[in-house]
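Hi everyone, thanks for making the time. Let me put the chain up on the screen, and then we'll walk through it together.

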Amino acid sequence: MNPPRRVQVLRSALERVQDGIAPLIDLYKPYVSGLQTLPADGRFLLVGNHTQFIGGEVLLVPHYVRRALGTRVRPLADRRFGQRPGFGYDLMTAYGGVIGAPDTARELMRHNETILVFPGGGREIAKFKGEEYRLNWRGRSGFARIAVENEYPIVPVGLVGGDDVYKSLVTRDSILGRLSRTITTRLTGDADMAMPLMRGVGPTFIPRPQRMYLHFGAPIDTSQPSDVSTEDWVESVRATTQQSLEAILADLLAVRADDPFRELNPLAWSSAAA
């Protein structure tokens, strides 16, 4: 089915931007590793972590996969996007995103697409103080189940830097944190989507300059052994993916801790972690 004309126009514009944005991204010297492990055929499911600066992972992961393999990444978006038609929905569609329903993911896998999913969803974006770079999957295993059904390799991909663009000022259990959760629950019915009190540069909401650190992990084979039940294997794949991604985040945080260029200080350019 062909998308509406407005989406086709947006897609053409985004493709031109993606083709020309590499020098600008390179200017900020993101730390990127693990690209050599990506399956060359593009048939894999990327499983990543959301950060408070969501543009980091949504832009950088597809960008570097495209540079490495020449394939377009299809992000799976929160189902709430489908309930709010408009420019945001059109932009997501033009970027290659689709609503993250099981049937949609299965259809993409039937066509051997490169897919990107964030099991934590929107609740992994709004982090209170002390929750930075923590996965919030709540036992979600849908991505593992569909990958197992289709014998689709899983590539864990972690990003560090996005949770430091804004600084959360209060904990989830503080007075202000509880107030935010109460208000959010009344408005949306979901306390997990509560927004923390944050700041950027100084007391403003201007983003704090931060270097981004990205690592693509080794592919995880999802082919089910004959002597393991489907439910047990799905849980094993989910747990292995989560453990791998948590290890990636820990490693990237260690790299970042010793990197003098982590706040994009031009004086530290020559000694940036490589």
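Let me begin with a term: when I say contact, I mean heavy atoms within 4.5 Å. With that in hand, take the contacts between residues at least 6 apart in sequence: 78% of them join residues at least 24 apart.

A word on where this comes from. What you see is a predicted model, so local features need pLDDT of at least 70 and side-chain atom pairs count only at pLDDT 80 or more, while totals for chains, interfaces and linings use all residues. Residues are numbered from 1 along each chain as its sequence is written, and side-chain values use heavy atoms, with hydrogens and water left out.

Now the overall picture. The chain has 8 helices and 9 strands; these are DSSP runs numbered from the N terminus, with helices being H or I of at least four residues and strands E of at least two. The radius of gyration is 19 Å, close to the 19 Å that the globule rule gives for 274 residues, so the chain is as compact as a globular protein of that length. That radius is taken over C-alpha atoms, and the rule is 2.2 Å times the number of residues to the power 0.38. Of the 274 residues, 45% are buried, where buried means under 20% relative accessible area, exposed means over 50%, and partly exposed is in between, using a 1.4 Å probe and protein chains only.

On to the sheet. Which order do the strands take? It is an open sheet of 7 strands, running S1-S9-S6-S2-S5-S3-S4 with mixed pairing; two strands pair if DSSP finds at least two bridges between them. S1 (31-33) and S4 (98-99) are the edge strands, each with a single partner, so one side of each has no neighbour in the sheet. At the S4 end, S3 (residues 73-77) runs parallel to S4, joined by 2 bridges, and leucine 76 sits opposite valine 98 in S4.

Helix H8 (residues 230-257) lies across S1, S2 (45-48), S6 (154-160) and S9 (213-216), at about 30 degrees to S6. For that angle, axes are lines fitted to C-alpha atoms, for helices over the stretch in contact, and angles run from 0 to 180 degrees between N-to-C directions.

Next, two arginines. Arginine 123 is in the loop between S5 (114-117) and H6 (142-149). Is it buried or exposed? Arginine 123 is buried, at 11% relative accessible area. Its side chain reaches the backbone oxygen of asparagine 136 at 3.2 Å, and a polar atom of that side chain lies 3.1 Å from the backbone oxygen of tryptophan 137.

Arginine 172, in the loop between S7 (167-168) and H7 (175-188), is buried too, at 16%. Its side chain makes a polar contact of 2.7 Å with that of glutamate 131. A polar contact is a pair of N or O atoms within 3.5 Å; within protein, one must be able to donate a hydrogen and the other to accept it, and residues adjacent in sequence count only if both atoms are side-chain atoms. Leaving aside neighbours within four places in sequence, the contacts of arginine 172 include Asp192, and those of arginine 123 also include Asp192.

Last, some backbone angles. Most residues other than glycine have a negative phi. Arginine 138, though, has a positive phi near 50 degrees, and this residue is exposed at 57%. Leucine 264, in the segment after H8, has phi near 60 degrees and is buried at 18%.
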